Amino acid sequence: MKIYYYTFGCKVNQYETENLKQLFLKRGFDTSDKIIGADVCLVNTCTVTANSDSKCRQFLRKVKKQNPYCILILTGCFPQAFEDAAYEMEECDIITGSSNKTEIPELLDEYLSKRQRIIKIVPHKKGEKFEDMSNTEVKTKTRAYIKIQDGCDQYCSYCIIPYARGHIRSKSLDILKNEIIELSKSGHKEVILVGINLCCYGKDLDNDIRLIDAIEVACGIDGIERVRLGSLEPEMILDEDIKRMARQKKLCPHFHLSLQSGCDRTLKSMNRKYTISEYTELVNKLRENFENCAITTDIMVGFPDETDEDFNQSLEFARKIKFSHAHIFPYSQREGTVAAKRDNQISQSIKEKRARKMTEICKQSEQDFLQKMIGKSVKVLFERESCTEFHQGFSENYTQIKIMRENPLKSLRRTIFCVKIIGYENNYCIGTIIK
Ligand code: SF4
């Protein structure tokens with residue numbers, strides 16, 4: 001039997017789909033790269049915005065139209081957070097949430113023997129254990145993502161994720177170590193540690209384990225040359241941990257610190273647990289400790305009750321921090337969250353106007369960052385050949401680098417070279433190999 005996989009959403013979801021693929025391969029199921037011809041279609045959902053839900057519904061309709069007789073499996077954050085809505089999706093034969101994904105192969109066996117619809121959405125409980133998964137070879141990717149943490153207990157007022165992902169829980173250091181050893185053996189040079197709220201890594205484990213301990217384990221594996229961190233909440237990173245991080249030469253000087261707003265009044269209303277002065281302090285410490293440090297972020301505009309003055313403060317803050325890249329998005333009302341019920345919602349036109357202004361400021365700092373890279377020598381892990389013209393990869397600080405491709409038949413994939421930056425265009429730098 002052949003299975004077609006489709007993933008919506010974040011890197012954690014992608015990691016989990018990859019894990020399911022590996023579990024099914026071990027049971028003798030093949031992977032299909034097309035909906036048509038697959039016996040089973042597995043859709044791993046995201047529910048971060050209302051738009052994610054409608055994209056998922058559209059996709060399910062597309063699957064049923066192209067392949068009406070396939071067995072359809074729906075899993076992930078959407079059914080977990082909106083159980084009643086998931087029950088109504090009658091085109092789905094198996095429905096699970098985010099808490100028991102590794103059970104899906106057994107549920108498929110059960111479905112194949114009884115041919116009866118299965119819905120198994122297990123509620124998240126306080127104290128539940130991390131669902132162990134290890135992806136030991138990710139053939140299609142140069143960089144391997146490793147999920148080390150799940151869940152969030154922060155309840156930011158706009159976010160549905162704590163309801164979809166449950167409470168914080170972490171992968172043990174032993175399992176992490178073995179997974180990275182296997183990834184290294186299969187040729188991966190870079191691993192990226194990801195989680196739903198990565199900074200909470202270890203809070204549920206014994207012996208005061210923290211994210212820095214997972215970083216040290218990853219950096220200690222032979223063959224792994226780079227360790228990168230996924231998105232971080234700008235809190236709970238201790239000074240002592242920054243010092244320990246700086247001693248790890250394999251740790252990439254790239255930190256994605258989710259800002260959301262550069263205005264304290266808005267941060268408070270979002271139930272974020274830091275102030276802009278704490279954020280600035282953290283950025284300064286990272287920049288002092290890591291050479292060529294890149295700080296990237298997410299910024300939301302048009303949160304309920306964000307006044308022009310609040311927005312201008314946020315804009316000025318973004319200008320001051322000089323992010324090397326920012327993902328800007330207008331606030332969208334998410335059913336089931338505190339902020340969605342507030343009456344002082346901002347009109348779509350104001351949200352769009354603010355998003356344009358914020359993008360302009362952040363684009364400028366991205367260009368300034370790229371320009372400052374000129375003349376520097378950086379190590380680039382090549383990932384692919386973007387076209388016949390260029391080899392393409394990323395530097396340690398996550399700048400996209402392209403170099404001319406002299407031999408159209410030669411690939412530099414999964415190799416690291418030292419490159420001198422000679423220019424930049426759009427959102428990438430151009431360089432030449434020096435060794
Ligand atoms: S920290 Fe806030 S935004 Fe991030 S997952 Fe948790 S609740 Fe959502």
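A: Met236 counts as partly exposed, because its relative accessibility is 33% (buried means under 20% relative accessible area, exposed over 50% and partly exposed in between, with a 1.4 Å probe and protein chains only). This is a predicted model, in which local features need pLDDT of at least 70 and side-chain atom pairs count only at pLDDT 80 or more, while totals for chains, interfaces and linings use all residues. Residues are numbered from 1 along each chain as its sequence is written, and side-chain values use heavy atoms, with hydrogens and water left out.

Met236 sits in the loop that links strand S11 (226–229) to helix H9 (239–247). Helices (H or I, at least four residues) and strands (E, at least two) are DSSP runs numbered from the N terminus. The backbone is worth a look here: Met236 is not a glycine, yet its phi is positive, at about 65°. Most residues other than glycine have a negative phi. Another residue with a positive phi is Arg414, near 70°, in the loop between strand S17 (400–404) and strand S18 (416–425). Arg414 counts as buried, because its relative accessibility is 18%.

Now to helix H9. Its buried residues are Asp241, Ile242, Arg244, Met245 and Ala246. Among the elements covering them are H8, S11, strand S12 (254–256) and H11, where contact means heavy atoms within 4.5 Å.

H11 has 14 residues and reaches 20 Å from its first C-alpha to its last, close to the 20 Å expected at 1.5 Å a residue; the expected span is 1.5 Å times one less than the number of residues. Which residues of H11 are buried? They are Tyr279, Thr280, Leu282, Val283 and Leu286. Seen down the axis, these buried residues fall within an arc of 160°, so they line one face of H11. The arc is taken from the directions between the helix axis and the C-beta atoms.

Next comes H12 (residues 308–321), also with 14 residues: they should span 20 Å at 1.5 Å a residue, and the end C-alpha atoms are 20 Å apart, which agrees. Asp310, Phe311, Ser314, Leu315, Phe317, Ala318 and Ile321 are buried in H12. They cover an arc of only 160° around the axis, which puts them on the same side of H12. Asp308, Glu309 and Lys320 are exposed on the other side. What do the buried residues of H12 pack against? Their partners are helix H10 (264–269), helix H11 (276–289), strand S13 (294–301) and helix H13 (348–373). Just after H12, Lys322 has a positive phi of about 60°.

Finally, a step back to the wider chain. An automatic or database assignment divides it into domain 1 (2–120), domain 2 (143–372) and domain 3 (377–433). The centres of domain 2 and domain 3, taken over C-alpha atoms, are separated by 26 Å. Their contact takes 19 residues from domain 2 and 17 residues from domain 3.
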